[in-house]
2 protein chains.
Amino acid sequence: MRIESTTNQRVKAVRRLHRGRERHRTGRTLLEGPKLVETALDAGVVPVEVYTDAGGELVRRCEAAGAQVIETDRKVLESIATTVEPQDPVAVLEVPEQPGLDSERLVVLVDISDPGNLGTLIRSGAALGWQVALLRGADPWSPKVLRSGAGAHFIAPPVPISNFDEIVDAGYLTVALVVSGGKPPFDIPEGRAVALVVGSESHGLPEHIVSSCDIALSLPMVGAVESMNAAVAGAIAMFAMG
Amino acid sequence: MRIESTTNQRVKAVRRLHRGRERHRTGRTLLEGPKLVETALDAGVVPVEVYTDAGGELVRRCEAAGAQVIETDRKVLESIATTVEPQDPVAVLEVPEQPGLDSERLVVLVDISDPGNLGTLIRSGAALGWQVALLRGADPWSPKVLRSGAGAHFIAPPVPISNFDEIVDAGYLTVALVVSGGKPPFDIPEGRAVALVVGSESHGLPEHIVSSCDIALSLPMVGAVESMNAAVAGAIAMFAMG
């Protein structure tokens, strides 16, 4: 199939996925550029549709795996992508089913609203071996968060939770990351599942969540600047707790 | 003074500072929002001009310290700011003089071109007590980098260098951060100044820099994702080396 009009009904439907509400309604999202599409494919997640003006080996792999390939031109690619200079191809994806909480190391992200920070934390969790749970915050499957995640979504999909009690009730040792006043990072006791709880860029963790945690942890800072970016602090805490 | 026209010559001159070339030519940059302006003032860096439509205590402090205050309206603020919804005030600043290399812990950032990553690394360096040196990469005093730096520029100003040999010749123990194949992080030997060298998001460090370093260091990663965001990896390495 070939489409060259930006007002084509299918093209319009893809463009609507720029909006969170439409992604939520359809259960679909956009995946942009060869690296993300390849990581998804490698993880067995096959796009529904692949828009391309260049074709090539990756697009053929998508087609062989069951994706519908739509040949198009630069103008249409630019209209459906969320980046100013989109990389070929742009794919439509059904958001994969959410896994359950099954790791001994869990990082719980609370109210992380910056897409870059959220994607970076998902990426760091996957690299450091921590499962990621999400309480509120930005849409983890938005194109921006997928971009910052650099493919980690497909290797270690984030798990949305609706209430912090789910973590407490599941028996995790809960550790709140706070800017100051907490213990330094410690080695996780053998045989105990740990949930590291990280709050938002601007407001930190809600007080009721800090007080329902077993331990508060703070990173020792030696410099004159008193706080770090939330994504950096969360990653250092994961690293430091091994 | 009050200005309400977006075509006023002074307003146009401020707007030209959005461009890197103009910042370079004038030695000036833009500082947006109360947090950054306050951090600059606290560090003794007084803006040249402060544009405001709300006035208030911070603006009075700027004026008392020698800044020229220009009262204006929302429309002008939006035209001079680089954010879509600018925070009051927007200030014009002379980029402070660059300090020399004087720390026992130096992180050298090579070709970091993403403004968010660059600002975040400057912020992490300041929080963790590492001086930041810059070899090429994005303009460290651009409004975007200042925003990600969250005020760290004024507490620990980054030091531009023009050649990696400056670091080698200064006698630092040079440690290249590489994705894999390096040693795990180690405690810095007593009495030895260390330069941790961090490369770009997309290409890592140039081979000739890695080979001129004394040691290569890699972060142990346990997950299935093989790399982390450059700003996160750099911060973890600084943290891990104490």
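Is B:Arg23 buried or exposed? In this predicted model, B:Arg23 is buried, with a relative accessible area of 9%, and its side chain meets that of B:Asp139 in a salt bridge with an N to O distance of 2.8 Å. Because B:Arg23 lies in helix H2 (residues 20-26) of chain B, whereas B:Asp139 lies in the loop between strand S6 (131-135) and helix H7 (143-149) of that chain, the pair ties together parts that are 116 residues apart in sequence.

B:Glu94 is partly exposed at 43% relative accessibility, and B:Arg28 is partly exposed at 26%. Over all chains, the search finds 27 salt bridges, but the count between chain A and chain B is 0.

The contact between the chains takes 26 residues from chain A and 26 residues from chain B, and the area buried between them is about 2100 Å², of which carbon and sulfur atoms give 73%. In chain A, A:Arg123, A:Val225 and A:Phe239 lose the most area to chain B, together accounting for 27% of what that side buries. The elements giving two or more residues to this side are helix H6 (115-128), H8 and H11 of chain A. Across the interface, 4 residue pairs are in polar contact.

The largest nonpolar core has 77 residues, and those with the most contacts inside it are A:Leu196 and B:Leu196. The largest share of this core, 10 residues, comes from helix H11 (residues 230-240) of chain A. Among the residues touched by B:Leu196 are B:Leu106, B:Trp130, B:Val175 and B:Met238.

In helix H3 (residues 34-42) of chain A, the buried residues are A:Leu36, A:Val37, A:Thr39, A:Ala40 and A:Leu41, and what covers them includes strand S1 (28-32), helix H4 (57-64) and strand S4 (90-94) of chain A. This helix is followed by A:Gly44, whose phi is positive, near 85°.

Note on methods: Residues numbered from 1 in each chain as written. Chains lettered and ligands numbered in written order. Predicted model: local features only at pLDDT ≥ 70, side-chain atom pairs only at ≥ 80, totals over all residues. Heavy atoms only, no water. Buried < 20%, exposed > 50% of the residue type's maximum accessible area, 1.4 Å probe, protein only. Helix = DSSP H or I, 4+ residues; strand = E, 2+ residues; numbered from the N terminus. Contact = heavy atoms within 4.5 Å. Core = buried A, V, L, I, M, F, W, Y, C linked by side-chain atoms within 4.5 Å. Buried area = accessible area lost by both parts, 1.4 Å probe. Salt bridge = Lys/Arg side-chain N within 4 Å of Asp/Glu carboxyl O. Polar contact = N/O pair within 3.5 Å; in protein donor to acceptor, adjacent residues only side chain to side chain. Lists of a residue's contacts leave out its neighbours within four places in sequence.
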